[in-house]
Amino acid sequence: MLKKIGVIAKTKVENIDKIIKQLVDYLNGLGVNVLLGQEAASVLNKEGIERHKLAAYVDMILVLGGDGTFISAARSVNESKRDIPILGVNLGRMGFLTEVPLSEMYAVLDNVFIKGEYHIEERMMLDVELYDGGDLITKKTVFNDAVVNKGALARIVPLRVEARIGSNIYHVAVYHADGLIISTPSGSTAYNLAAGGPIVYPTMDCIIITPICPHTLSNRPLVLPVDVELTVMMDEEIDDVMATLDGQIGYKITKNHRMVVGKSKRKIKIITQKGKNYFDVLRTKLNWEERKVRSLKC
């Protein structure tokens, strides 16, 4: 039973105070206890719970915002080590993760809390370890992607990639590119898609490598099995190169660093709309128009 709900909100949205207040009143009317994240509480002049701590206290997280807000909520859930689901309501532009439009929010909540009619999808994540020489300097779990890319004035970066499969280590390639994206299937519709990578069905388990503006045109994206562990290193020293995790955490790196990426044991659960599927989401978000064919009359 979902009796205690945490709300995380993007606050730079018109009328966000009214949206949150109406949502809290609605949920309270159903007998659901609502805990607000700090940002959501601040627009109502209340005290809330720090975003990264909220997941520890609730049975479900409701996100009001865009995919960036959703990713930060997923980080909160992951760090809490709990398996609570997340429902995303889109107040941003695209919203692949926050797939529920605001206009449909209460119909979806009726299905969840009154009818008990909803689906939960499990999405894989990636563990990322960053080493400086032999020293581990950070270990994080990402929902969308880990990216190595150059700054505005840096030249093309040679990035050596190795793949460990079982006890064997294979040389994949040295990509001469603006950077490299290592993505989950959920992240395939984010930076990966903008860089020309493939769209991958989000509940699949696999790892995607996509070079950013590769100098060698035959360097194409790769989709690899999930039991592969990837290591990315700079092949020569280049200034102003960053490793960025889920587009929200960044580390300046040098030739002495290596980034190791593999499947995480943890997954994120997402509440999806009853009666909708991923192809509906793709058509809607990517504005795919179905071809209309006029029948010809003889």
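Student: Where is Asn 219 placed in this model?
Tutor: The model is a predicted one, and in it Asn 219 sits in the loop between strand E12 (206-212) and E13.

Student: Is Asn 219 buried or exposed there?
Tutor: Asn 219 counts as buried, because its relative accessibility is 15% and the cut-off for buried is under 20%.

Student: Which residues does Asn 219 touch?
Tutor: Leaving aside residues up to four places away in sequence, Asn 219 touches Tyr 175, Pro 211 and Pro 214.

Student: You mentioned E12 and E13. What is the strand order of the open sheet?
Tutor: The open sheet has six strands in the order E13-E12-E11-E8-E15-E16, and the pairing is antiparallel. Strand E13 (222-225) and strand E16 (249-253) are the edge strands, each pairing on one side only. From one strand to the next, the twist averages 15°.

Student: Let us turn to His 257. Which strand holds it?
Tutor: His 257 belongs to strand E17 (residues 257-272).

Student: Why does His 257 count as buried?
Tutor: His 257 has a relative accessible area of 9%, and therefore falls under the 20% limit for a buried residue.

Student: What lies 2.9 Å from a polar atom of the His 257 side chain?
Tutor: That is the backbone nitrogen of Thr 254.

Student: Which residues does His 257 touch, if I ignore those up to four places away in sequence?
Tutor: His 257 touches Leu 130, Tyr 131, Asp 132, Ile 137, Val 232, Met 233 and Lys 252.

Student: Met 233 is on that list. Which residue of E17 stands opposite Met 233?
Tutor: Arg 258 in E17 stands opposite Met 233. Four bridges join E14 to E17, with the strands running antiparallel.

Student: What about E9 and E14: how many bridges join them?
Tutor: Strand E9 (residues 157-165) and strand E14 (residues 229-234) are joined by six bridges and run antiparallel. Within this pair, Ala 163 stands opposite Leu 230 of E14.

Student: On to helices. How many residues does H1 have, and how far does it reach?
Tutor: Helix H1 (residues 16-29) has 14 residues and reaches 20 Å from its first C-alpha to its last, close to the 20 Å expected at 1.5 Å a residue.

Student: Which residues of H1 are buried?
Tutor: They are Ile 16, Ile 19, Ile 20, Leu 23, Val 24, Tyr 26 and Leu 27. These residues lie on the same side of H1, because they cover an arc of only 165° around the axis.

Student: Why do residues three or four places apart point the same way?
Tutor: An α-helix has 3.6 residues a turn, so residues at that spacing point the same way.

Student: What covers the buried residues of H1, and which exposed residues are on the face turned away?
Tutor: The cover includes strand E1 (4-9), strand E2 (33-36), helix H2 (38-42), strand E3 (60-65) and helix H5 (105-115). The face turned away from the buried side carries the exposed residues Lys 18, Gln 22 and Gly 29. Just after H1, Gly 31 takes a positive phi of about 85°.

Student: In what sense do E3 and E4 pair?
Tutor: E3 pairs with E4 in the parallel sense, over five bridges. The bridge partner of Val 63 in E4 is Gly 88.

Student: How many residues of E4 are buried?
Tutor: Six of its six residues are buried, so far as E4 is described as mostly covered. Pro 85, Leu 87 and Val 89 point one way, whereas Ile 86, Gly 88 and Asn 90 point the other way.

Technical notes. Residues are numbered from 1 along each chain as its sequence is written. This is a predicted model: local features need pLDDT of at least 70, side-chain atom pairs count only at pLDDT 80 or more; totals for chains, interfaces and linings use all residues. Side-chain values use heavy atoms; hydrogens and water are left out. Two strands pair if DSSP finds at least two bridges between them. Helices (H or I, at least four residues) and strands (E, at least two) are DSSP runs, numbered from the N terminus. Axes are lines fitted to C-alpha atoms, for helices over the stretch in contact, and angles run from 0 to 180 degrees between N-to-C directions. Buried means under 20% relative accessible area, exposed over 50%, partly exposed in between (1.4 Å probe, protein chains only). A polar contact is a pair of N or O atoms within 3.5 Å; within protein, one must be able to donate a hydrogen and the other to accept it, and residues adjacent in sequence count only if both atoms are side-chain atoms. Contact means heavy atoms within 4.5 Å. The expected span of a helix is 1.5 Å times one less than its number of residues. The arc is that of the directions from the helix axis to the C-beta atoms.
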